[in-house]
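Hi,

Here is the structure I promised to hand over.

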Amino acid sequence: MPAACRLALLLTSWSAVVASFPGAALAAAPASGAKPNIVLILVDDLGYGALGCYGQKLVATPNIDRMAAEGLRFTDAYSGGPVCASSRCVLMTGVHGGHARVRGNGDASMPGLSLLASDVSLPRVMKDAGYATGLIGKWGLGDVGKAQAGLPTRQGFDYFFGYLRHGHAHNYYPAFLWRNESKVKLRNGPTKGLAADRGTSAKKVEYSHDLFAEEALKFVREHADEPFFLTVAFTIPHCNNEAGANGMETPSYGKYADRDWPEPLKGYAAMMERMDGDVGRLLALIKELGIDDKTLVIFASDNGAPRDEGGFDAEFFDANGPFRGFKGHVTEAGIRIPLIACWPGHVPAGETTATPVYFADVMPTFAALAGGAAPQQTDGKDFSPSLAGKDQPELADRFFYWEFDKLDLQQQGSRWNNWKAIRDPKSGAIELYDLATDVGETTNLAAEHPDIVARFAEFFRTARTDSPYWPVTAESKAPVKREKSASPAS
């Protein structure tokens, strides 16, 4: 059989598996009052400890801190995975990493790295509920050509402006961006190093983040009189891997220019300041338009901070707070993220919650708020009662799941109540930690609690469906390009 036919047969079989699990059937969720606008601000590689309201001391984030003071701050929120693509796939489909279409990094043009037409995505759910839908920033779950079914405009977004590929998004001064399905040429370039849509630009005129901030404000103005769902997927403060030790490209270092720090650290702090300022502008516009009392704004990161990409130093900023590990690991530092919700009159102001939630919960939650149709089978739970300040103990008393598969490091992770388990698929060994007393995951308690380990072992046995592209085995047979654990790019 020709290779192309074998690939087509493999894709058809995999689509059938997914269609039989989450996202295949739809059931209407009850409406709860007027439909709120929903703005989801998703930033890139922002560690748990990178914001002032989560303990940051070196970089000021007054606007986001004020958002936390006026809203609800989650201490136990988790991403969908420890790197960008897998995490965002969970966010956009409502299924965890063991059931998701995309389970690792790479460009969406490769098999196993793009959503398909059969997938039920969050923007589709919101669009069907009567929302105007927009995405500004980075996508990474579809591409032109063979992966076009995963393009934002074919997954439910009415409007898209930004990057399609993760690698392209590493260049903050790209030669072009995408508007819907057309290229928009910028005044930057030419690109040097790597492929034409990656690398860095010799001529730096238009900073992509600034363009995204303006586009987000424009979208809100244009849709203020109708229900809208806007995802603002800022690429900062992602460290610019392509620029190497000269990463963290930004128009200026701002107030950090005179600090006695290495240049990349000044750049990181300046990116944080820029991001915080634009979050403040967006919140101010929503209030100015008089729609703040009917607009839910959620701020979150896609995964934890890296160790040292592009000259970054996570330990210098204590970017991952008290947690162990970095981006690319299922330890707490790779997946526990800052998450803040603000909605005057609906979300309690100035409160903190330890209710554990993760990206798979976003789909059912937003669908419930929108009175829309959520997938009948998802791995997530509706946490809208928690947003309203109510207790939801059932959110803790369940098994969360994460996985990440790289050439030299394969991992599975789960949380149940305050217990955290990490499994090595190669050996089957399970580490066990009590997050109530050991958030740093320093003491493995597996030997002391064989009964708890047994529960996690049974969960891990049934937690995932096999994927031809993302097997968790000692030796991968996936046709996609795999990542090295030291630098999980994206």
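A quick definition before the surface: a patch here is made of residues with over 30% relative accessible area and no salt bridge, with like charges joined within 9 Å. Bear in mind as well that this is a predicted model.

With that in hand, there is a patch of negative charge on the surface, where Asp308, Asp313, Glu315 and Asp318 gather. Asp308 sits in the loop between strand 11 (295–301) and helix 7 (314–317). Its relative accessible area is 43%, so Asp308 counts as partly exposed.

Now for the inside. How enclosed is strand 2 (residues 37–43) by the rest of the structure? Largely, because 7 of its 7 residues are buried. Asn37, Val39, Ile41 and Val43 point one way from strand 2, while Ile38, Leu40 and Leu42 point the other way, and all are buried. Strand 2 also has parallel partners: 7 bridges join it to strand 11, and 5 bridges join it to strand 10 (residues 228–233).

Next, the salt bridges; the structure holds 27 of them. One of them joins the side chains of Asp143 and Arg165, at 2.6 Å from N to O. Asp143 lies in the loop between strand 4 (132–138) and strand 5 (159–163), and Arg165 in the loop between strand 5 and strand 6 (176–179), so this pair ties together parts that are 22 residues apart in sequence. Asp143 is buried, with a relative accessible area of 3%, whereas Arg165 is partly exposed at 23%.

Arg324 and Glu431 also meet through their side chains in a salt bridge (3.7 Å, N to O). Since Arg324 is in the loop between helix 7 and helix 8 (332–335) and Glu431 is in strand 19 (residues 430–434), the pair ties together parts that are 107 residues apart in sequence. Both ends are partly exposed: Arg324 has a relative accessible area of 31%, and Glu431 has 29%.

Arg464 forms a salt bridge with Asp466, with the closest N and O atoms 3.7 Å apart.

Cheers

Methods
Residues numbered from 1 in each chain as written. Predicted model: local features only at pLDDT ≥ 70, side-chain atom pairs only at ≥ 80, totals over all residues. Heavy atoms only, no water. Patch = residues over 30% accessible without salt bridge, like charges linked within 9 Å, V, L, I, M, F, W, Y side chains within 5 Å. Areas by Shrake-Rupley, 256 points an atom, 1.4 Å probe, with all protein chains shown as cover. Salt bridge = Lys/Arg side-chain N within 4 Å of Asp/Glu carboxyl O. Lys, Arg positive; Asp, Glu negative; His and termini not counted. Charge placed at Lys NZ, Arg CZ, Asp CG, Glu CD. Helix = DSSP H or I, 4+ residues; strand = E, 2+ residues; numbered from the N terminus. Buried < 20%, exposed > 50% of the residue type's maximum accessible area, 1.4 Å probe, protein only. Pairing = 2+ DSSP bridges.
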